[in-house]
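Biologist: Please show the model, and then take a few questions about how its parts are placed.

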There are 2 protein chains.
Amino acid sequence: MFEVSPLQKLRSQYSPKIPKALRCGWKVIKGANTQAERDGGQIKEMFPHTYGLPMIHLEEGEMVNALKDGINIGVILSGGPAPGGHNVITGLFDGIKQLHESSKLFGFLMGPDGLVNHNYIEITKEIVDKHRNTGGFDMIGSGRTKLEKPEQFDRGIEILHKLNIRAVVIIGGDDSNTNACMMAEYFLQKGENIQVIGCPKTIDGDLKNEDIECSFGFDTATKVYSELIGNIQRDCLSSKKNWHFIKLMGRTASHITLECALKCQPNITLISENIQAKDWRINDVVNYMANIIAQRAAEGKMYGTALIPEGILEFLPSFRVLIDEINEYLSSPQGSHLEMVMKREKVRFMSIQLSEDSSKLLQSLPYEVALQLLEDRDPHGNVMVSKVDTEKLFVGLVAKRLEEMRIEGTFSGKFSTQTHFLGYEGRCAFPSNYDADYCYSLGRTAVALIADGLTGYMATVRNTTHPADECIAGGVPLTKMMYMERRGGQLVPVIKKSLVNVDGKAFEYFERHREKWALEDCYNYPGPIAFYGPRQICDEPTLTIRLELDSTTSFE
Amino acid sequence: MFEVSPLQKLRSQYSPKIPKALRCGWKVIKGANTQAERDGGQIKEMFPHTYGLPMIHLEEGEMVNALKDGINIGVILSGGPAPGGHNVITGLFDGIKQLHESSKLFGFLMGPDGLVNHNYIEITKEIVDKHRNTGGFDMIGSGRTKLEKPEQFDRGIEILHKLNIRAVVIIGGDDSNTNACMMAEYFLQKGENIQVIGCPKTIDGDLKNEDIECSFGFDTATKVYSELIGNIQRDCLSSKKNWHFIKLMGRTASHITLECALKCQPNITLISENIQAKDWRINDVVNYMANIIAQRAAEGKMYGTALIPEGILEFLPSFRVLIDEINEYLSSPQGSHLEMVMKREKVRFMSIQLSEDSSKLLQSLPYEVALQLLEDRDPHGNVMVSKVDTEKLFVGLVAKRLEEMRIEGTFSGKFSTQTHFLGYEGRCAFPSNYDADYCYSLGRTAVALIADGLTGYMATVRNTTHPADECIAGGVPLTKMMYMERRGGQLVPVIKKSLVNVDGKAFEYFERHREKWALEDCYNYPGPIAFYGPRQICDEPTLTIRLELDSTTSFE
């Protein structure tokens, strides 16, 4: 029996690299006061105590920032796992222990529910040491419950008091961090002396802005996916008989797909934001793919690779309309009729209930996909777009289009396919050195913010394309990233989700090469994440971040 | 634009470790004459010139084995790619160049077709250097054409003469190596002075016997799959809400699945050979899985991981009967009727044509799977069992069984699932150090056998659980591994495919722990293949081979 794998044993000895200021002592430097991203008036009204706070960064200070007494803090993992979560927790633990040996760290179990239902553990040195530089969120588990209601906060206060917890660190994405700010505000309004600090987590890479260079986990997840895409491309080129349609995880934004495309140089890459900007319909996408496949076939190349972002369907208006219409019918009094229709009649039955365009679209879909739309529902009865096998959907539609083109005389050849979905394979990988360093530093930074009495902040580490020494730890007020958005009929504060900027340097670089990559075989094979060896395989950040931020990197 | 990835650049500088005898000069030591595995009389009759040859091993010799003149050799990649193929070729190249600078290596393109159709390239130093220690078969491509007919051999002879090729090296699995021996025999019968040497390739790990410790690619592929299974297990334990059913590539034998189970310690592992030995029906398998899921659910664990070998359906007799009956109907005069039946009626239509048991089985299958059986056919019109989504098949059957158990009161809880198929992700990965060393050594060994004038041999490297220094290069007569088997109504010579030995040490170790792994969460997280770093992550062979061969390794 193996208690832990040889790699895990070795990785537990890795010391993450941290910004200079965190190494001995630090000074908290306050910058200019901030304003919300948009809708400042409304945000200020909702967050009177946490609005307008100054930017923070840490500089080297002379003294070791020891406290007279220990502090207790709590930590919550929220949402889907991302590599590096354990390192944030490890950073928190080492940070508070450095401040005072008697400090304690409590972990609330299985996400926000743990706080509300008072399920927690004390995270001891033994637990921390077992999880240093490991992937996953299994140390305390994660969950998707939204922490946003006063009753939840009140339940939280009970246990926080009982454990004498001074601050809660919430590790999550945009929504979890918005809620972190709501909790910070609520505590201040109630006169509770409990701070709340957020940390930017999500493999999707969509929690990023002028203050946050990257959400953690993006680096590792894209490296794992790129390893596999590279391997699939080698296979493709070795056998020359399949088109591989590869769907990549990523709820809305296409950052993951773009980064993997930059790393692997596949023949076809769909970027949802690009498709939206061009106002393409689903047929345009299908034509785009079919044309590349036909051009390659004309050169005798009946193989290739195509990357498809998981969220693409939401960017295609006709598909959106179809989903809305299905949802509307399902929630209507007649909606339950669908249940009574025999499986094999379902698609036809539903088609009759839809507008002409949607009806046509539904019937044009591969049968299995159409059925998925009608059968998989979320707890609210809505169609689960994320459950749709988008990669198979496009294989079906492209195959149909190629058959038309065959008749038109614009395609001849074979279209043999394999589909893949890369998602769960990357969310819990061992964090790359980038994520291990970044996350551990985020944890240590959060402690510095807490020690300074700050609340309603997100911990940040910037300058991450440079050696750790030159990285800058700090904090950004959560309200600074907010604006108001209509959701479910209500105007609510949200933290901006960053989509792929089609005018940005990373996309521009891709755009410049996509045609060449489409027709030639420029496949790149990144290989697995390295933890040992030369810097260029161990410590390099993503190409996205290098193109966007590092002016010293030049690419042709 | 990136010409090659940073890892590829670095890997090109790696010098594979080789057996002592290959480093300077060697002596070819001939052992005892050999006999066929079985049916010696018939094999001898078919292979009069290549039967009974002696075992070969290489010892250190005093002189450098230089030749007066260069030799030209040809190489063919046959079948599915496996990590390390390029290293065999690199070893061949370096080997013949060491013998004489004017030696030439020719690669026949896209598999055996390249020899028959005279498509080839000269493999130059530039090409070799670009592919050192890379994955894939893309240097010259691979193909599945069987090289077994005299006309093909004759076509081969033409081009081999033209290029003045003295020996052909065939890199392939059991069938390709059987055919290699047929070609060797044919050449001798025709008085052609062209040698044929085989190399044991297949990620499936089923080309192994007392003389061959492992087929190449098995080490790397199982390491890639185990990395991903480990990541999925972390995810599973972080979110605690899904059962992950993971299908693993491997045509017939379950070696890959067993090795991944040893490395990752998942909750459920199906080993086809074990199921066959117990004479289980498909219902027994479903019950076995459902019972573990129900037991875990009773402990509040609504999650887990299950490994399913791709080839399992062929080991289940009722499924075999179903497939045979479908094939029989399809090839009958009425068979074409199925084509005319509407998609949604197909399963019902076909059920009527089958025996009662098969009809029941077909109708019990998830609809999509039943349809796959009826719609995907190989060029001979047969059902393509390998195209069946076995992982979804078991999800469907297990879900149905759990619903019955819910009514019986023996299951309560959720059964939420995710399915995965790991295959193409691992066949073309950068070879691990084990495969890089092993394959390069095989290439160098093949050259030594060729230089000695041998033909009808497979190159071997043994003692691979020890440092390279202690490895033993040699050759085993291909006929030694053969016996007669009835295929397609004819008695033909075949090389024995090695299945998982359910009485062997590797399976025995698994069997001893499977119950504990089923109920507890003993997940192991191997992480990615390492090329740099301590020996325990860079150079360790598979657990299968260590358990089977290395008496110094002791596991609890």
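Modeller: A term comes before the questions: a residue is buried under 20% relative accessible area, exposed over 50% and partly exposed in between, with a 1.4 Å probe and protein chains only. This is a predicted model, in which local features need pLDDT of at least 70, side-chain atom pairs count only at pLDDT 80 or more, and totals for chains, interfaces and linings use all residues. Residues are numbered from 1 along each chain as its sequence is written, chains are lettered from A and ligands numbered from 1 in the order in which they are written, and side-chain values use heavy atoms, with hydrogens and water left out.

Biologist: Is Lys240(A) buried, partly exposed or exposed?

Modeller: Lys240(A) sits in the loop between H8 and E8 of chain A; helices (H or I, at least four residues) and strands (E, at least two) are DSSP runs, numbered from the N terminus. Its phi is positive, about 50 degrees, although Lys240(A) is not a glycine. Most residues other than glycine have a negative phi. The relative accessibility of Lys240(A) is 37%, so the class is partly exposed.

Biologist: What is the relative accessible area of Asn133(B)?

Modeller: Asn133(B) is placed in the loop between H6 and helix H7 (150-162) of chain B. Asn133(B) is a residue other than glycine with a positive phi, near 60 degrees. Asn133(B) counts as buried because its relative accessible area is 2%.

Biologist: How many residues of helix H9 of chain A are buried?

Modeller: H9(A) covers residues 255-264 and is mostly covered. Its buried residues include His255(A), Glu259(A) and Lys263(A). They pack against several elements of chain A, among them helix H8 (218-239), strand E8 (243-248) and helix H19 (505-519). The number of buried residues in H9(A) is 10 of 10.

Biologist: Which residue just after H9(A) takes a positive phi?

Modeller: The phi in question is about 55 degrees. The residue just after H9(A) with this value is Gln265(A).

Biologist: Which residues of chain B are in contact with Asp138(A)?

Modeller: Asp138(A) lies in the loop between helix H5 (125-131) and helix H6 (150-162) of chain A. With a relative accessible area of 16%, Asp138(A) is buried. Contact means heavy atoms within 4.5 Å. Leaving aside neighbours within four places in sequence, Asp138(A) is in contact with His86(A) and His131(A), and in chain B with Arg234(B), Leu237(B), Ser238(B) and Tyr525(B).

Biologist: How are the two copies related?

Modeller: Chain A can be laid on chain B by a turn of 180 degrees and a shift of 0.0 Å along the axis, with an RMSD of 0.1 Å; the superposition is by least squares on the C-alpha atoms of residues with pLDDT of at least 70 in both. The copies are therefore related as by a two-fold rotation axis. The same surface serves both copies, and the share of contact residues of chain A that recur in chain B is 100%.

Biologist: How far apart in space are Ser441(B) and Glu408(B), C-alpha to C-alpha?

Modeller: Ser441(B) is in helix H19 (residues 433-451) of chain B and counts as buried at 2% relative accessibility. Not counting residues up to four places away in sequence, Ser441(B) touches Lys17(B), Ile18(B), Pro19(B), Leu22(B) and Val461(B). Ser441(B) and Glu408(B) are 33 residues apart in sequence, and their C-alpha separation in space is 59 Å.

Biologist: What separates the C-alpha atoms of Asp129(B) and Ser12(B)?

Modeller: Asp129(B) belongs to helix H6 (residues 125-131) of chain B. Asp129(B) is partly exposed, with a relative accessible area of 27%. Asp129(B) and Ser12(B) are 117 residues apart along the chain, and their C-alpha atoms are separated by 7.0 Å.

Biologist: What percentage of the residues in chain A is buried?

Modeller: The secondary structure of chain A comes to 21 helices and 15 strands. Its C-alpha trace spans about 80 × 60 × 55 Å along the principal axes. Of the 556 residues in chain A, the buried share is 62%.
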